[in-house]
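Have the viewer open as you read.

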Amino acid sequence: MTFAHYSDCDPLAVGQITAADQLLPFYVMNVFGHIKFMAGIFVAGIFAASLGTVAAALNSLAAVTCEDLLVSGMEMKIPAGKGALYAKWMSLG
């Protein structure tokens, strides 16, 4: 949609934006700027996507660290019910 909207006029070449990665925010403000709260919803969507990715990465890192550090490294026997609890505490840390 962005390509079709700016097919006859390149905002980067005209000087409305200074970098190519500013095109999507410029498009949102240009097309949907008259709608109240649209910029906030756009930013909230970006933050929600990034937080979901970071949370998944932290959880997987904590689980692998718990398995490698506690089970393999320190040779602890972790019950099945406690493994998730230890991983949650490591993720918090």
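How much of the chain over residues 37–58 is helix, and how much is strand? The chain there is 95% helix and 0% strand, with the end C-alpha atoms 31 Å apart. UniProt, in an unreviewed entry, lists residues 37–58 as "transmembrane region"; its positions are given in the numbering used here, feature names are shortened, and annotations may be inferred rather than shown by experiment.

A word on the ground rules: this is a predicted model, where local features need pLDDT of at least 70, side-chain atom pairs count only at pLDDT 80 or more, and totals for chains, interfaces and linings use all residues. Residues are numbered from 1 along each chain as its sequence is written, and side-chain values use heavy atoms, leaving out hydrogens and water.

Now to helix H4, residues 38–73 (helices are DSSP runs of H or I, at least four residues, numbered from the N terminus). H4 has 36 residues and reaches 50 Å from its first C-alpha to its last, close to the 52 Å expected at 1.5 Å a residue (that is, 1.5 Å times one less than the number of residues). Its buried residues are Ala 62, Cys 66 and Leu 70, and they pack against H5, contact meaning heavy atoms within 4.5 Å. An α-helix has 3.6 residues a turn, so residues three or four places apart point the same way.

Either side of H4 there's a positive phi. Phe 37, in the loop between H3 (23–32) and H4, has phi near 70 degrees, positive in a residue other than glycine. Just after H4, Glu 75 takes a positive phi of about 55 degrees.

How covered are a few of these residues? Buried means under 20% relative accessible area, exposed over 50%, and partly exposed in between (1.4 Å probe, protein chains only).

| Residue | Relative accessible area | Class |
|---|---|---|
| Leu 85 | 36% | partly exposed |
| Phe 37 | 68% | exposed |
| Gly 93 | 91% | exposed |

H5 (residues 80–92) gives the largest share, 4 residues.

Gly 93 sits in the segment after H5.

Definitions and conventions. Helices (H or I, at least four residues) and strands (E, at least two) are DSSP runs, numbered from the N terminus.
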